[in-house]
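Here is a short report on a protein model.

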Amino acid sequence: MITLTQEEKDFIRNDLKSILKSNNAKKLIYTIKNKPNIRDFIVENNIPILQQIKQIPNGMFAYSQLNKITIPGNVIEIGNYAFNESALSYVVLESGVESIGSGCFSNCKDLSSIQLPDTLTHLGS
């Protein structure tokens, strides 16, 4: 369970909706990457942000408290160290994901299962 401050709740209620409506993926990614509680809350509560982007940037969910995630097929590329040292234990990559960057799941000590799609063509070191 992730607890949000009032400021973070206000951000989700107001700013996040306007960012999604504007289709400004760069601003969305930057904002989420720099607000750890919000990025965890968004995925944990299945708010469909990952449906809006084609790439998960380097380190976007690094050090997060996420314990499971399904990455939809519209996300073609997952950047280097995207989930480095996160609390992930279970990952599903849907058909459409083509590339996983170097160290993407490095130091995820609880990770016990990753489902890889047959569309995967690149797996970083």
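## Cysteines

Cys-108 is buried in this predicted model. Its relative accessible area is 9%, which falls under the 20% cut-off and therefore counts as buried. Cys-104 is buried too, with a relative accessible area of 2%.

The structure holds zero disulfides. For Cys-104, the nearest cysteine sulfur is that of Cys-108, 7.8 Å away. For Cys-108, the nearest is that of Cys-104.

## Loop residue Asn-84

Asn-84 sits in the loop between β3 (77–78) and β4 (90–93). Is this residue buried or exposed? Asn-84 counts as buried, because its relative accessibility is 9%.

The Asn-84 side chain makes a polar contact with the side chain of Ser-106, at 2.7 Å. Neighbours within four places in sequence aside, Asn-84 is in contact with Ala-62, Tyr-63, Gly-103, Cys-104, Ser-106 and Asn-107. Buried Cys-104 is thus one of its partners.

## Nonpolar core

The largest nonpolar core has 21 residues. Those with the most contacts inside it are Ile-56, Phe-61, Ile-69, Ile-71, Ile-78, Phe-83 and Phe-105. Strands β2 (68–71) and β4 each supply at least two residues of this core.

Which residues does Ile-71 contact, leaving aside its neighbours within four places in sequence? They are Ile-56, Ile-78, Phe-83, Val-92, Leu-93, Glu-94 and Val-97.

Technical notes:
Residues are numbered from 1 along each chain as its sequence is written. This is a predicted model: local features need pLDDT of at least 70, side-chain atom pairs count only at pLDDT 80 or more; totals for chains, interfaces and linings use all residues. Side-chain values use heavy atoms; hydrogens and water are left out. Helices (H or I, at least four residues) and strands (E, at least two) are DSSP runs, numbered from the N terminus. Buried means under 20% relative accessible area, exposed over 50%, partly exposed in between (1.4 Å probe, protein chains only). A polar contact is a pair of N or O atoms within 3.5 Å; within protein, one must be able to donate a hydrogen and the other to accept it, and residues adjacent in sequence count only if both atoms are side-chain atoms. Contact means heavy atoms within 4.5 Å. A disulfide is a pair of cysteine sulfur atoms within 2.5 Å. A nonpolar core is a set of buried Ala, Val, Leu, Ile, Met, Phe, Trp, Tyr and Cys residues joined through side-chain atoms within 4.5 Å.
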